[in-house]
Structure formats: structure tokens, C-alpha cells
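Here is a guided walk through a two-part model, for reading with the structure open beside you. Let's take it one region at a time.

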Amino acid sequence: MGKRNLLILLLCLLYTNIMADMPGNKPRPGSLLHLINIDTLKPYTLMIQSYQDGFFEVTKDTDYNILGGYGARRPTLFFALKGNQSTDTVYLDADEYGREIKINFIEVVNNRLIYSKEIMENGNEKIGDNSESNDTSTPGGNFLYNNIWLIGLSFSALVGLIVFFIIKNRRKANFKKVDHGDV
Amino acid sequence: MEMFKYLFLTLIIELPVVLLAYKNQWKTSLLIGLLLNLFSWPILTLLYHYSKTPLLALEAGVFVVESIGYAIFLSSKWQKAALVSFIANLASLLIGVYINGINLFS
């Protein structure tokens with residue numbers, strides 16, 4: 001068995017041993033969103049994107065149930081759309097999953113979605129609204145989680161480019177050796 | 001994953017330009033064009049949505065990165081690489097601006 005094959009086999013064994021100690025997926029509770037005063041967004045239309053239902057529009061006040069399950073959270077996001085123009089995108093914060101939340105839409109100002117959120121738990125506990133905030137679209141701690149696909153894609157492409165560069169240089173070096181008779 | 005439709009559009013606009021320019025090494029140019037776009041597009045998207053950097057400045061950055069990439073990985077002259085990157089990115093920028101109704105100078 002060549003050295004390379006042995007190394008590949010060792011890496012596979014190492015991987016399987018690591019995976020053997022991985023805990024199973026944690027249960028993930030569902031969430032209930034009460035979306036109210038959607039009329040105030042006109043002429044914009046409220047759009048929701050979720051893992052379970054894909055991409056859809058909401059035209060009237062509605063209760064939206066985000067299903068529970070196992071494993072990592074599937075982000076639910078919403079924004080308002082008018083023709084080709086869309087507002088900023090709003091994501092649920094990490095601590096809002098598995099809760100009952102009332103989202104009260106107020107208006108759209110300068111292409112920003114203005115709304116307030118309340119977590120419904122032992123009476124109304126108001127979180128606050130975003131009307132005075134400068135940045136509504138990025139829950140601070142969720143940047144990495146919400147953009148993991150983009151970051152991973154870019155990183156993988158970079159690794160691919162580096163590998164290509166290394167292989168190309170090795171071929172050049174081998175070609176030069178053969179050319180000079182150094183086999 | 002709605003945003004990935006824009007990645008797909010970027011690829012179908014830019015890759016043919018690269019393939020045409022580097023016909024004699026089309027397999028390598030297809031791979032490098034794909035990898036460079038998969039590297040630069042997510043960074044452009046993140047910076048566009050999360051920073052106040054103007055789109056034109058971001059596209060200029062992408063143009064520079066892709067020019068360098070084409071010159072190094074396709075062993076191309078700098079001038080040709082820059083021209084290919086400019087045409088490809090200009091085409092994808094203009095089509096993207098038209099589709100989304102973006103004002104480039106706001």
C-alpha cells in the first residue's frame with residue numbers, strides 16, 4: 001500500500017473516530033409569530049422566507065408557525081418588497097426562536113422596515129422597537145450564523161484556488177526537471 | 001437561498017466572457033473563472049448588505065481581484081486579464097443594476 005493511500009486511509013479513520021463522539025442533534029422548539037398591522041407597509045408587500053415554506057408573501061395580519069425539529073436553527077427572515085425595490089432584511093434573533101412573538105409593523109421609511117417586537121411570555125414583555133435604531137437588518141451576534149453559506153462558499157473557492165496554484169507550480173517544476181534531464 | 005439566483009446570474013454572464021477570451025485553455029479558464037467568482041461574489045454580497053461601501057467601489061475591488069486572478073492562474077498578460085475582468089464585471093454589474101433598480105450613484 002503506497003504512502004498516499006495509507007495517509008488517505010488514516011485520515012478516513014480519524015474522521016470516523018471524530019464523528020463517533022459527536023452528540024446527536026438537539027431538539028429545537030417551534031416558534032409562533034403574530035404578524036400584525038401589515039397594512040401599514042403599503043405599497044410595500046411583506047415577504048417571508050423560511051426553511052419550511054420557502055419564499056412567500058403575506059398580505060394580511062396572520063399568525064405564522066415556525067415548526068420545531070432537531071439540529072441547527074433554520075433562519076426565518078422577512079422584508080418588504082415594492083416592485084424591484086426591497087427593504088432591509090430582518091432576521092429573528094437567536095433568543096427569539098422557540099418563543100411566541102408579536103411583530104407589529106409600523107411603516108417603511110427610506111427603504112427600512114420599521115416595526116416593534118414583543119415576546120409573549122407571562123404577559124407582554126416589550127423588547128422595544130427599532131424606529132430609532134440605525135441598523136435593523138443585522139442582529140449583531142448572528143452575522144456569522146446567518147451568512148455561513150456565503151462565508152463557506154468564499155472560503156472553499158479560495159482553498160480551491162490555492163490548491164490549483166500549488167498543483168500548477170509543481171507541474172512546472174516537474175516539467176523543468178524532465179526538460180533538464182533530471183528524472 | 002433566494003440570493004443565490006444572483007450568483008447564478010453572475011456566473012452565466014461572466015463565464016462566457018472568460019471562455020471567449022481564453023478559448024485555447026477553455027477548461028482551465030472555466031475552472032478559474034468559476035472559482036474566482038465563487039470567491040469574490042459572497043464577499044461583495046456581504047459587504048454590500050452589511051457595510052456602507054458604495055457598490056461601484058465594491059465592484060472596482062472585484063475587478064482588481066479577478067484581474068490578478070486571471071493573470072496569475074491563466075498565465076495571461078496583465079492587460080488582457082484586466083480587460084477580460086472589466087468586461088465581465090461591467091456586464092454583470094449593469095444587468096444586476098437593471099434587474100434590481102439600484103441607483104449606482106446614491
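Chain A and chain B bury about 2,000 Å² between them, and carbon and sulfur atoms hold 73% of that area. Buried area here is the accessible area (1.4 Å probe) that two parts lose on being put together, summed over both. On the chain A side, Leu150(A), Leu161(A) and Phe164(A) lose the most area to chain B, together 31% of what that side buries. Helix α3(A) gives the most to this side, with 12 residues. Helices, marked H or I and at least four residues long, and strands, marked E and at least two long, are DSSP runs numbered from the N terminus.

Before going further, a word on the ground rules: this is a predicted model, in which local features need pLDDT of at least 70 and side-chain atom pairs count only at pLDDT 80 or more, while totals for chains, interfaces and linings use all residues. Residues are numbered from 1 along each chain as its sequence is written, chains are lettered from A and ligands numbered from 1 in the order in which they are written, and side-chain values use heavy atoms, with hydrogens and water left out.

Back at the interface, 19 residues of chain A are in contact with 26 residues of chain B, contact meaning heavy atoms within 4.5 Å. What about polar pairings? The rule finds 4 residue pairs in polar contact across the interface, both residues at pLDDT 80 or more. A polar contact is a pair of N or O atoms within 3.5 Å; within protein, one must be able to donate a hydrogen and the other to accept it, and residues adjacent in sequence count only if both atoms are side-chain atoms. Salt bridges across the interface number 0, where a salt bridge is a side-chain nitrogen of Lys or Arg within 4 Å of a carboxyl oxygen of Asp or Glu.

Now look at the surface. A nonpolar patch with about 1,000 Å² of accessible area includes Phe155(A), Leu158(A), Ile162(A), Val64(B) and Trp78(B). Such patches are made of residues with over 30% relative accessible area and no salt bridge; like charges are joined within 9 Å, nonpolar side chains (Val, Leu, Ile, Met, Phe, Trp, Tyr) within 5 Å. Accessible areas come from the Shrake-Rupley method with a 1.4 Å probe, and for residues only the protein chains shown count as cover. Helix α3 (148-179) of chain A and α3 (55-73) of chain B each supply at least two residues of the patch, with the largest share, 8 residues, coming from α3(A). Leu158(A), in that helix of chain A, is partly exposed at 33% relative accessible area; buried means under 20%, exposed over 50%, and partly exposed in between (1.4 Å probe, protein chains only).

Taken chain by chain, chain A has 3 helices and 12 strands, and buried residues make up 29% of its 183 residues. Chain B comes to 4 helices and 0 strands, and 42% of its 106 residues count as buried.

Within chain A, strand β2 (residues 31-36) holds His34(A), which is buried, with a relative accessible area of 15%. Beyond its neighbours within four places in sequence, His34(A) is in contact with residues including Thr62(A), Glu100(A) and Met120(A).

Finally, where is the charge pairing? Asp39(A) forms a salt bridge with Lys42(A), the closest N and O atoms being 3.8 Å apart. Asp39(A) is partly exposed at 49% relative accessibility, whereas Lys42(A) is exposed at 61%. A search over all chains finds 1 salt bridge in the whole structure.
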